[in-house]
Amino acid sequence: MIAIFDFGSQYSHLIARRIHEHGTVARFYPYDTTEDKLLADGIKGIIFSGGPDSIYNQEAPRPAKEIFALGLPILGICYGQQLLADYLGGKVECGDRHEYGAITVKIDDKDPLLAGLDLTEEVWMSHSDRVSLPSECRIIASSENSPCAAFHVDHLYGIQWHPEVSHTTSGDKLLNNFLTLCGCEQDLNTASMVDSLVKLIREEVGEERVIIGLSGGIDSSVATALCAKAIGEQLSAVYVDTGLMRAGESDAVEAIARKFGPRFIRIDAQERFLSRLKGIVDPEQKRHVIGEEFIRVFEGVARAEQATFLAQGTIFPDVIESGGQNQQAALIKSHHNVGALPEKMEFTGIIEPLKYMYKDEVRNLAQQLGLSRNLIDRQPFPGPGLAIRVIGEVTKERLLLLRQADSILQAEIAKTELADQLWQSFAVLLTNKSTAVKGDQRGYAYILAIRMVDSKEAMTARFSRPDWDVLARLSTKIVNELPAISRVVYDITNKPPATIEWE
Ligand code: XMP
């Protein structure tokens, strides 16, 4: 396993993804982790990520000196390189020119870190500092503005550029070389991933009882299947009917869950959620209320089941966007199961076996675990459900309207090839009304937005370009069948800058 010390670069999460792609487990650790913890976890190498700080800032995050002296290979990227330079007694100065974006570097391909790379490579940099080092350090790459763009001494390797981003053409080769230097076996595949996750769950839980929040989506289903494999009878799966689900969804989830799940408990909490949401229009407040209410319902079930642990299907993008990946990351939105959790909870611990995985990796695990194709291909649906697609206050009537519009949308899409192509497709009910003319009468009713996006793992997304005829059919059907809707608009915004969900 590789430990990543995350110093807040916007690219840090990609390091873990690349390491996984090279058949090795990567885990994020706080930068003040002790060497005992790393040794106990069987870490084979460490990567220091980039970050916005300057190492000359008194408050700048720094690992303990003992970590550098452990003898484990360390790869320092950008800010991480500066930490290594500083530890070695070198200097970091502000360069006269910024290096942002694609930069050409000259490579010493005799160094094991850079073996197999071309003598000049295009790399992606995002910095303005330059590093100078004591003479025992070997400079292994340079650019026009950075005489020391990469260096190596003993088990320490520093690079000024970001090998984890796809614009760095040989970034994969470099990371692969680093894993070889660490002695990683790189034999992680989906089957061994299942085994190692099952083992981790068993170790964490011991003899305790666990409840897991099962929403019927792929993340919580995979987490449930893993926990069931790990601890069998010690597990109860809980489905909370929040009243914020799509048409027919709760019964469908129950049917699926009863087939593959362990002990299954369905809780009707519709009134409870709706009354907590009364009068709330702010999206973050909605998410917090929903996150807290989920936990309160789970606590009640846990008491009855004598469970001390709560398991969840949190995946990595939930963590990143909730700003929980490191102390420096920005909050984009509080995912109901991460950033919107209440401070005080009755549970001894939270188990999140998928916390470092992306959706496509979770889909592979689902296949390995034998989950049904329907489930694997299901579009993601957010935990706060339709509450974050009813803009403004969530009421029973507006939920019903959105549910009806969404059913029409899904039925129409199911008739087209879009059904197999889209990452997500959904309707959003706005607070604004607009004028209509229906049968010579004036109408004044709600505007409905339709969003369809293509994506690989939800961190970025492109608005889909469906056939105009599909959009025309949708619009006609929705406006004709639902008098409370006067107008349908199509969202043509990518992520970034917009997020996939509207709230
Ligand atoms: P955004 O809107 O952040 O969405 O671009 C990225 C992906 O995450 C889903 N999403 C959520 N999932 N709890 C969840 O379980 C949440 O609070 C939440 N918010 C957004 C969203 O549907 C998309 O697939």
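**Note on the domains and the ligand site**

1. The protein comprises domain 1 (2–182), domain 2 (190–376) and domain 3 (395–490), with bounds taken from an automatic or database domain assignment. The model is predicted: local features need pLDDT of at least 70 and side-chain atom pairs count only at pLDDT 80 or more, while totals for chains, interfaces and linings use all residues. Residues are numbered from 1 along each chain as its sequence is written, and side-chain values use heavy atoms, leaving out hydrogens and water.

2. The centres of domain 1 and domain 2, taken over C-alpha atoms, are 35 Å apart. Their contact (heavy atoms within 4.5 Å) takes 13 residues from domain 1 and 11 residues from domain 2.

3. The ligand is surrounded by 16 residues, each with a heavy atom within 4 Å of it. The closest are R287, E321, K333, K495 and E501. Because domain 2 (190–376) and domain 3 (395–490) both give residues to this shell, the ligand lies between them.

4. A polar side-chain atom of R287 is 2.7 Å from a ligand oxygen, and a side-chain N or O atom of K495 is 2.7 Å from a ligand oxygen. For I500, a polar backbone atom lies 2.7 Å from an oxygen atom of the ligand.

5. The protein buries 92% of the 490 Å² that the ligand exposes when taken alone; accessible areas come from the Shrake-Rupley method with a 1.4 Å probe.

Conventions. A polar contact is a pair of N or O atoms within 3.5 Å; within protein, one must be able to donate a hydrogen and the other to accept it, and residues adjacent in sequence count only if both atoms are side-chain atoms.
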